[in-house]
Amino acid sequence: MEYYPKLTMIDKTVFKDKKAKYFTLGCKLNFSETATIERQLQEAGIRTARAGEIADICVINSCAVTQEAEKKCRQVIHKLIRQNPGAFVVVTGCYAQLSAERLSKEEGVDVVLGIDKKGEVLEHLGRLEKHTECGEWFAQPTKDVRNFVHSCSRGDRTRYFLKVQDGCDYFCTYCTIPFARGRSRNPFISELVEKARMAADEGGKEIVITGVNIGDFGKSTGESFTSLVKELDGVDGILRYRISSIEPNLLTDEIIDYVAKSRSFMPHFHIPLQAGSDEVLKLMHRRYETALFAAKIAKVREVMPDAFIGVDVIVGTRGESEELFEQAYEFIKGLDISQLHVFSYSERPGTKALKIEGAVSPAEKHRRSKLLIALSEEKRIAFYERFVGKEAVVLFEKPRSGMPIGGFTDNYIRVEMPHDKCFVNRLVQVRLGGFNEDKSALTVTEVIGFADMAESKTSFS
Ligand code: SF4
């Protein structure tokens with residue numbers, strides 16, 4: 001599988017017996033890209049270090065979504081350098097793109113690679129000679145970044161993550177992603193179908209479609225996200241697709257209707273709302289109002305009553321007064337959704353949001369966040385409860401040692417049962433029981449049989 005440049009110019013003898021450690025911060029897309037880097041290095045002969053081993057190379061894929069993420073990235077760099085003395089250290093990702101020069105001056109860092117160089121880690125390892133002064137950095141201004149770095153990887157889980165799109169042209173006022181990842185771009189559908197086929201040939205059964213603003217797919221190739229969905233649905237061997245996150249204004253009724261009757265697209269949506277009041281949505285420069293969002297949820301429910309719907313919300317953005325938060329809370333409470341992903345607003349240099357009046361104190365952000373997390377838990381538990389006693393098809397993942405085996409139903413309910421390795425990476429028809437001890441998953445009362453060859457979607461009975 002060729003996700004990256006050929007290794008013709010690289011002296012692979014340097015990598016003999018070398019071990020690497022990887023650390024990822026941030027979004028699913030970053031995790032997917034790290035897995036691709038790992039695979040690239042493995043194919044050049046660099047083994048992934050086992051727990052407790054000292055690595056020769058450390059790769060950090062950074063995030064810049066919040067101040068906290070940047071701070072954590074610097075902490076991780078220092079920790080990895082302490083734990084792996086003498087290791088060659090590479091930092092890439094969004095924080096690397098935005099602060100390449102600064103990061104190259106962090107003690108022990110050898111190479112910093114901007115967003116368009118993520119696929120070139122191997123080329124920049126050179127002869128693994130550590131830099132005595134500060135490190136080198138390679139990043140071009142984000143506005144000039146136009147290339148698409150492919151990524152389709154399994155990582156250490158059963159699911160594959162297929163990157164279909166990168167960058168964003170939306171420029172929401174609070175967000176740094178367009179400054180770090182550049183303009184919206186995508187490869188041709190035919191290239192992505194090929195990658196899905198390769199994943200199937202390797203035994204992959206489930207693919208999560210990832211990107212920054214995936215509903216925007218097609219801008220650079222004159223295609224559409226709907227066409228991509230239809231073409232991927234036709235790839236033999238892939239039994240399940242999940243759409244990682246899609247802007248509500250780009251989630252068309254056509255996509256929703258297609259997913260409802262498709263062979264392999266799961267009844268599972270992740271839709272960012274970000275704010276539950278029209279006033280705050282306007283301040284954020286989001287491209288929809290709450291009425292449109294509510295209509296999308298109603299449409300999904302009309303054609304897929306059992307679908308899992310996850311929703312992102314940011315609390316404490318500038319301009320979100322107490323009254324507007326109350327309004328948002330009531331709006332979200334009234335939505336028929338399955339779970340919330342709650343984020344606290346973080347001030348980011350260079351964003352337009354900094355010009356908005358009405359900063360919210362950290363204590364108030366914390367209070368709002370707690371309220372929404374509690375609401376999310378109520379909604380998730382109520383959603384799970386609906387399926388206790390019903391039959392479902394679960395794709396089980398490789399468990400960590402000593403842990404129960406776990407997986408997800410087609411509509412994204414987490415399921416656990418005692419470990420049995422014959423279920424790993426298999427679609428298994430089960431009867432769902434009650435909650436596990438910490439209520440994070442449902443248990444299994446009966447294993448009915450394997451369902452890999454059958455329809456992967458469940459009709460709950
Ligand atoms: S849609 Fe808005 S929040 Fe999402 S990546 Fe683009 S600018 Fe950021």
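Predicted model: local features only at pLDDT ≥ 70, side-chain atom pairs only at ≥ 80, totals over all residues.
Reader: Why is valine 394 called buried?
Author: A residue is buried if 20 or more other C-beta atoms (placed from the backbone) lie within 10 Å of its own, exposed if 12 or fewer, and partly exposed in between. Valine 394 has 28 C-beta neighbours inside 10 Å, so it counts as buried.

Reader: Where does valine 394 lie, and what does it touch?
Author: Valine 394 lies in strand 14, residues 391–396. Strands (E, at least two residues) and helices (H or I, at least four) are DSSP runs, numbered from the N terminus. Leaving out residues up to four places away in sequence, valine 394 touches Gly407, Phe408, Thr409, Val415, Val428 and Val430. Contact here is C-beta atoms, placed from the backbone, within 7 Å.

Reader: What makes the buried residues of helix 6 line one face?
Author: The buried ones are Ile189, Leu192, Lys195, Ala196 and Ala199. Seen down the axis they fall within an arc of 120°, so they line one face of helix 6. The arc is that of the directions from the helix axis to the C-beta atoms. Ser190 and Asp201 are exposed on the other side of helix 6.

Reader: At what angle do helix 6 and helix 7 cross, and which residues make the contact?
Author: Their axes come within 10 Å and cross at roughly 30°. Axes are lines fitted to C-alpha atoms, for helices over the stretch in contact, with angles from 0 to 180 degrees between N-to-C directions. Helix 6 brings Ile189, Leu192, Val193 and Ala196, and helix 7 brings Ser227, Leu228, Glu231 and Leu232.

Reader: What puts the buried residues of helix 10 on the same side?
Author: Thr290, Phe293, Lys296, Ile297 and Val300 are buried in helix 10. They cover an arc of only 120° around the axis, so they sit on the same side of helix 10. The face turned away carries exposed Ala291, Ala298 and Glu302.

Notes. Residues numbered from 1 in each chain as written. Contact = placed C-beta atoms within 7 Å.
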